[in-house]
Amino acid sequence: MINRQPVIPSRQKNMKPVFLNWTEPPLHTAADYFVKQFTRDGVLNMRNVTVAVTGKQAGLRLLELLAECAEQMDIPAWYPPEVITFGQLPEQFYTRRKEFADDLTQAFVWVKALEECFADSGNFLPKMPEDLEKRLRLGQAFAELHKELTAEDLDFNAVAVHCEKYNIGSEVPRWKFLAGVQKRYHRLMDDSLNLWDRNSAILFAVNRQEEKEYSEFVRGFRQNGQRFFLAGVADMNKVQKDIVSKFEEFITPLIFAPEEYKHKFDNFGGLIPKEWVDEPVKIDDAQIAVAEDFCGQADEVLRKIAAQQGQYSADEIAAGLPDEKLLPVIEQRFERAGLTTEYVKGLPIQRTSVYRLVELLPELAVEPLAAQQVPYRAFAEFLRHPDVQSSAVLTQLDNYYTVHLPRNVNGTWAEDVLNDKSQTETQEQLDAAWRSIQELFFAAASNTVNNAERLNIILNQFYGGEQSRFTNEALKHIRKAMNTVADIPKQVLPDVPFRNFVRLILRELGGTFIPPFDKPEAIELVGWLDLPMNDASVAVITGMNDGTVPSYVNEDIFLPDELRQHLNITDNRKRIARDVYNLSLILNSRQKENVLLIAGRRTEDGSAQLPSRLFFAADDVTVCERVKRFFGEQPKRESVRFANEEIKERQFGFTVPAAENIGSEITKLSVSDFKNYKICPYRFYLKRLKYLQHLNDTDAEMGANTFGSLIHKVLELFGKSGYRNADDAAVIERFVLNEFRTLAEQQYGSAPAAVQLQFGMAEQRLKAFAVKQAERRNEGWTIVDTEIHFGEKDGIKILDGTLPIYLTGRIDRIDRHKNGEYAVLDYKTGDSKAAPEEVHRKGRKGAKEWVDFQLPLYDFLVRHCGRESVIPANAEIQLGYFVLPKDDTGGIITVKWSPDEIKAAAEECRDIAQKIRRNEFPLAEDPPKYDDFPEICLP
């Protein structure tokens with residue numbers, strides 16, 4: 001570490017904090033204080049005043065309030081102060097002797113130091129990661145550790161000494177090794193790169209600032225009448241305190257709390273943790289709300305806003321977000337309600353379209369692309385990107401994924417062996433999409449173009465013209481990050497491949513926000529640390545859960561909480577103390593009825609969470625009542641609707657398609673159409689007549705339909721082969737397994753693990769089929785035909801008239817017994833073993849209702865098709881299932897309905913066909929168990 005010299009003694013024993021009561025929003029009381037202190041002869045003069053605040057937003061608001069005060073007091077002239085964040089304050093007190101290294105460079109210097117010390121690492125670093133990103137994460141971990149300890153005037157060797165002192169002997173060798181790495185880090189930074197990190201610079205200013213430089217600062221401050229104010233800075237580390245104390249005659253902390261709380265703050269305005277960790281926070285039950293999940297929390301915010309009944313304007317209301325994962329949920333729910341929001345930090349750059357495009361480049365930038373594979377997910381997301389404009393191929397892409405579940409793509413497309421329809425159109429469109437990616441990267445790839453230029457070429461292809469403000473801002477940040485990465489010294493980061501270059505840019509952009517638009521009618525969404533200084537009259541705070549408010553860290557591989565306490569650095573006590581003070585400030589600075597604290601019972605993924613422990617700092621009776629409230633059954637509450645919400649939905653929401661008069665266009669209906677119509681006529685209309693279907697590319701395994709189709713295809717091949725009447729189970733098993741494996745390879749290639757598991761399940765069903773089929777053959781049954789198609793050309797009408805409707809279908813299999821009896825069978829590859837009677841009819845005996853028409857319509861088809869080769873007229877026919885569940889308990893299950901029962905089913909189907917012809921498509925009152933259109937078919 002830095003060699004120490006005696007600290008220059010301060011010219012004043014103690015700073016004198018000023019207590020500003022917390023009965024008003026802090027920035028208002030601060031503005032009033034400054035106006036009173038610095039208004040002379042009608043002029044508010046703060047030209048030589050610097051105010052350090054806790055965040056950028058607080059600084060901007062303070063300047064606004066000072067301007068408002070000047071206007072209200074009719075001050076003809078005023079000169080604003082310099083407002084900075086507290087992190088910038090130390091730089092006011094020393095001269096920078098070296099350039100600061102950016103965070104990315106520091107991380108790579110740590111990586112370099114670790115590499116050079118690796119031989120002495122013993123078991124502390126068993127292996128240096130080879131992957132660049134993993135190495136960077138390791139470097140960043142050490143950089144953060146160094147930053148935190150340096151801020152407390154500690155180095156790694158000091159931690160080793162503390163471990164010895166407090167009998168944590170097992171940690172001593174590790175910290176001594178790390179101390180050696182830290183020395184190497186400083187040597188690389190100082191000697192090789194001539195750079196500083198910011199914390200080392202402040203420490204240098206504290207311990208090695210020359211008397212001459214110090215005197216020049218003091219003289220200049222005195223000549224100018226320079227004053228510094230710390231506005232609500234309640235959390236300072238040791239090094240910050242040390243440098244502030246050197247110049248304390250010019251510094252005044254402003255503490256937002258009553259003066260009777262004087263014993264709870266140090267002279268710097270910082271919190272004394274032991275005085276705050278057990279401080280009860282006075283919360284009324286009326287200020288607490290419990291919500292089930294994230295959406296419920298958003299509704300509670302809206303409910304509180306609605307309860308104000310217009311008493312406060314939008315800019316007087318703030319929604320607090322201690323858990324920022326709630327941000328998109330709040331934004332979406334507010335937009336639906338027709339309310340405007342503004343996240344005070346701005347738009348996270350990760351949510352801009354240009355960032356999302358750049359994010360895909362590392363996966364797509366494979367060289368040479370024509371000979372390599374790229375992950376399917378990246379390929380699909382690229383085509384879906386709004387700036388790529390490849391919407392024409394998206395349906396084909398979803399269909400292709402649903403059928404083949406590819407992990408990677410390489411420009412060669414598998415055939416769909418399970419369906420008879422041509423795949424030419426799909427393959428042509430996918431080929432065109434693949435070529436577009438090739439052209440994009442080949443145009444940018446060149447031996448003479450460096451990584452930054454190559455990325456610029458790609459960006460210019462999409463964003464070369466006029467763009468929105470958000471896109472332009474995002475491009476500016478991306479290009480700044482490009483320069484940062486490109487400027488990392490070659491000594492610590494040699495040239496890297498393009499994909500790694502882009503990944504480094506993305507890491508550099510983490511935590512970047514694009515400033516929001518000025519929306520005067522917006523409700524502000526505010527992070528937890530910014531909320532105490534926010535002056536909105538109404539504060540509705542979400543995420544009041546343990547671990548968020550108060551926050552704490554239970555797992556730290558380097559600095560567990562016990563060691564942190566020994567080192568007197570930030571620990572859970574200090575975090576809790578900070579959150580207790582922040583919540584106290586929020587509650588006391590607003591009217592009681594204008595603060596609502598919302599705790600959620602579940603996270604976004606459904607995990608249970610606990611309410612904030614701050615709710616339970618109360619008497620025993622109150623604690624018991626709150627425990628029952630949090631963990632008991634919650635009363636159901638209606639969602640809040642605003643007057644303009646319905647208009648908003650009509651204007652911007654999805655329009656539910658009305659049933660068009662297209663019933664007269666129907667010329668054929670399949671066997672399954674009648675069941676689907678009876679379940680819900682409107683859903684039948686959407687799927688059958690409007691051709692809507694539910695597609696996605698997120699499934700990791702075969703859907704039930706695809707799983708069944710694969711087995712059906714194998715059984716079809718068996719039924720058409722020379723082995724179809726074999727009576728040896730081993731022979732049948734060998735055939736069906738060989739056919740299955742061939743089909744699976746053609747359809748899926750190198751399938752994902754989940755699909756491989758499904759293959760095993762399918763093979764188990766086929767093995768069971770072989771046993772049952774051999775038994776059936778030995779009972780005297782032979783297979784007549786499989787996959788028998790009936791279409792319009794067969795002339796089988798379900799509805800006569802000038803506009804007839806023809807019945808279509810496909811029968812899996814027809815068997816004939818040696819006694820002349822026939823069986824019409826349908827393969828069932830699910831786990832249900834329900835008999836045909838259970839599936840087709842519901843209700844009590846004597847009053848049963850047809851709910852499925854498959855098998856009776858099969859009877860209708862084979863008796864009226866006029867194809868004697870299928871089944872002779874007047875033949876005895878069984879109807880049934882060949883069941884193939886996951887165990888070996890399947891087999892043939894048949895049913896015999898009377899001619900009158902089958903006739904009744906056919907008549908009901910004719911009635912359904914008439915309703916379809918008349919364009920009757922009402923929405924069923926009860927949605928089906930499995931609904932493809934839940935977002936459309938709202939109750």
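**View 1. Arg601 is partly exposed, having a relative accessible area of 21%.** Partly exposed lies between buried (under 20% relative accessible area) and exposed (over 50%), with a 1.4 Å probe and protein chains only. The model is predicted: local features need pLDDT of at least 70 and side-chain atom pairs pLDDT 80 or more, while totals for chains, interfaces and linings use all residues. Residues are numbered from 1 along each chain as its sequence is written, and side-chain values use heavy atoms, leaving out hydrogens and water. Arg601 is the partner of Glu292 in a salt bridge (a side-chain nitrogen of Lys or Arg within 4 Å of a carboxyl oxygen of Asp or Glu). In this pair the closest N and O atoms are 3.1 Å apart. Helices (H or I, at least four residues) and strands (E, at least two) are DSSP runs numbered from the N terminus. Glu292 also counts as partly exposed, because its relative accessibility is 35%.

**View 2. Asp284 and Lys592 form a salt bridge.** The closest N and O atoms of Asp284 and Lys592 are 3.1 Å apart. Lys592 belongs to the loop between helix H21 (572-588) and strand E20 (595-600). Asp284 belongs to the loop between helix H10 (273-276) and strand E11 (288-291). The pair therefore ties together parts that are 308 residues apart in sequence. Asp284 has 31% relative accessibility, so Asp284 counts as partly exposed.

**View 3. In helix H31, Glu907 and Arg910 are three residues apart.** Their separation is therefore about one helical turn. The two side chains meet in a salt bridge, with a distance of 2.9 Å from N to O. Glu907 is partly exposed, its relative accessible area being 40%. Arg910 also counts as partly exposed, because its relative accessibility is 25%.

**View 4. Salt bridges link Arg61, Glu64, Glu68 and Asp535 in a network.** In the whole structure there are 56 salt bridges.

**View 5. Helix H30 (residues 854-864) contains His864.** His864 has 47% relative accessibility and so counts as partly exposed. Asp794 and His864 are 70 residues apart along the chain. What distance separates their C-alpha atoms? The separation is 9.3 Å.

**View 6. Val627 is placed in helix H22.** Helix H22 covers residues 620-631. Is Val627 buried or partly exposed? Val627 counts as partly exposed, because its relative accessibility is 35%.

View 7. The secondary structure of the chain comes to 31 helices and 29 strands. Among the helices are H22, where Val627 is placed, and H30, where His864 is found. The C-alpha trace of the chain spans about 115 × 65 × 60 Å along its principal axes.
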